[in-house]
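Below are some notes on the model, as numbered points.

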Amino acid sequence: MAESVVTNEAHNGEPGGPEGEATRRDFIHIAASAAAVGAGVMVAWPLINSMNPAADTLALATIDFDVTKVMEGQQVVITWQGKPVFVRHRTAAEVQRAIADNTASLKDPATDQDRTKVGHEPFLVVVGSCTHLGCIPTFGTGDYGGWFCPCHGSHYDASGRIRKGPAPTNLVVPPYEFTTATSVRIG
Amino acid sequence: MSGHESTYVPKTGIEKWLDTRLPIVRFGADYMSLPTPKNLNYWYTFGAILTVCLMIQIITGIFLAMHYVPTTAGAFASVERIMRDVNGGWLLRYVHSNGASMFFIAVYVHMLRGLYYGSYKAPREMIWILGCVIFFLMIATAFLGYVLPWGQMSYWGAEVITNLVGAIPLIGEPVLIWLRGGPAIDNATLNRFFSLHYLLPFVIFGVVVLHLWALHTSGQNNPVGILIPKDRAKKDMIPFHPYYTVKDGFALLLFMIMFAVFVFFMPNALGHADNYIPANPLQTPAAIVPEWYLLPFYAILRAIPDKFGGVVAMFAAIGVLFVLPWLDTSKVRSMRYRPTMRIFYIFFVINGLILGWCGAKLPDAPVIGNFTTFTLIDGDLNSFLWLTRFATLYYFAFFVVLLPFVGLKEIPLRIPLSISEPVLSGPDAMSGAVPAQAEKKG
């Protein structure tokens, strides 16, 4: 041990490195520390990444649904990626009101046309979890002809847009498309 | 770990042999003989009570884990199996679930005691900060544990709390999915919550060791709040063992009686009936409320109309505790000698209870009677929404306005020269000064 102390002292007083100036030894320290940090990140990453959604979870990403099952004025709740999805067959009056409200004062502006598919306007497909803290809103009890979240009092209109309450954004329209005239693929 | 000189003398041959190789007996003896102020009252027994609470939670938890199944399909049934079929399983589970509540009762008393007697002030800042770390870990552990039975409140509590992360701008959504291990709360979430719920108590244990290390380094505070001068140490200090082991032991006994009353006579009084309904991702319970000990923070979350703002306020409510030692400007530690701050302190305690009450109520519900007054911005003035906001305001004002400014303006009562002075009767007992009037407040 005594020997290594001597060696260290010898290097600390390295020629060409007066007090306060960077020495080759400082460079080695910094390089070694940086390498150690890099190695630490490389070790940590697989651990952190293991907590991301697994392949089998991701495999459940799409579902098909036959919209003819939903009568006019009715709403069917299906599960997509573990989340409830509302497939709502809106009445003509609801569609009319939703379009009329395009010009209302909106917290998260979006037109009803943005939120539905051309030619399938009666069908509204939204993720049925409140954008505030994730409760499931109930249809028909809100002030705006749409949903109301009982947890913290958010009101959504017939297009699933946030109109009143703490929720920051509209009910999310999941990525979906009509694969046939009567069938949608969500995801 | 002991901040005082060792008085341990190894007696037997084995002790002498061990003392030069692994001085563990010396460590224990020094640890237990810590010189402690002789005037500690019963509010000071909660440290020992908390240690026992942690041990109870860890031990019952280990045995519960032997029977618990951490899958969405099996969790609820396995908890019911523990209750019905496992030998003494009902006792283990009720001790564990009520134990969490007892743990929080004790920690709140412990923290309020520290606040009252100024135990966070120099040189004890690290004890306080480590205590705040423990408190935060306790909240996390309790939340994770509450999810495990996979009842309705478990599921929806997890949904709401993990959604808080989603409120963070930009990174919220990916972090939320990472945290849950999928797009929604599911098997992956339950599994990792179980893993972390098992891990965190041991982390708490580690921080408790640091908490005690800091305590033994900077020394125990006392109700008078003065540092005990070296020359009075012999007169004013007594060894922790046997004096305080006995006192703590007696307090622990009383505490355990209360604990037992809950476990044996009203084991579900502090829980929520909805958690005996299996989790259903397609149906939200009528009202989602956290366990009682988190209600004040839940109330603060809801007081802010903005989602991210609410999350920030809730975390700030805990975060402000970490900087408390630097917010209080008063040189006087104990509020016994701070007549103004003491009143604000009493309001602070009441305010905390009001926040808890608010957290249990629907924001739109009226506070008094069943009438409405007038609408102020976004809610009726006679609603829990506004009561919560006023209480939230006082909570923060206490820390960032009252403690800094009252400390500068307040004229404290005369502080005794030693901790013996208020006890020894007569005005001439010590220095001819009037005995501290605050003594009647225990």
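1. Chain B has 442 residues, for which a compact globule would have a radius of gyration near 22 Å; the value for chain B is 24 Å, which agrees. The radius is taken over C-alpha atoms, and the globule rule is 2.2 Å times the number of residues to the power 0.38. The C-alpha trace of chain B spans about 70 × 65 × 45 Å along its principal axes.

2. This is a predicted model, in which local features need pLDDT of at least 70 and side-chain atom pairs count only at pLDDT 80 or more, while totals for chains, interfaces and linings use all residues. Residues are numbered from 1 along each chain as its sequence is written, and chains are lettered from A and ligands numbered from 1 in the order in which they are written.

3. Chain B contains 16 helices and four strands (DSSP runs numbered from the N terminus: helices are H or I with at least four residues, strands E with at least two). Buried residues make up 38% of the 442 in chain B (buried: 20 or more other C-beta atoms within 10 Å of the residue's own, with C-beta atoms placed from the backbone). Of the contacts in chain B with a separation of 6 or more, 73% join residues 24 or more positions apart (contact: C-beta atoms, placed from the backbone, within 7 Å).

4. Helix α3 (residues 46–65) and helix α5 (residues 89–116) of chain B pack at about 155°, with axes 9 Å apart (axes are lines fitted to C-alpha atoms over the stretch in contact; angles run from 0 to 180 degrees between N-to-C directions). α3(B) and α5(B) are therefore roughly antiparallel (over 145 degrees). Their contact involves 15 nonpolar, seven polar and two charged residues (nonpolar: Ala, Val, Leu, Ile, Met, Phe, Trp, Tyr, Cys and Pro; charged: Asp, Glu, Lys and Arg; polar: the others, Gly among them).

5. In chain B, the axes of helix α12 (residues 295–303) and helix α13 (residues 307–322) come within 7 Å and cross at roughly 145°. On α12(B) the contact uses F297(B), I300(B), L301(B), R302(B) and A303(B), and on α13(B) it uses G310(B), V311(B), A313(B), M314(B) and A317(B). By class, these are eight nonpolar, one polar and one charged.

6. How many residues does each chain give to the contact between chains A and B? Chain A gives 22 and chain B gives 23. On the chain A side, β2 (75–80) and β3 (83–89) each supply at least two residues. That side divides into 12 nonpolar, nine polar and one charged.

Technical notes:
Buried ≥ 20, exposed ≤ 12 C-beta atoms within 10 Å, placed from the backbone. Contact = placed C-beta atoms within 7 Å. Parallel < 35°, antiparallel > 145°, perpendicular 65-115°, else oblique.
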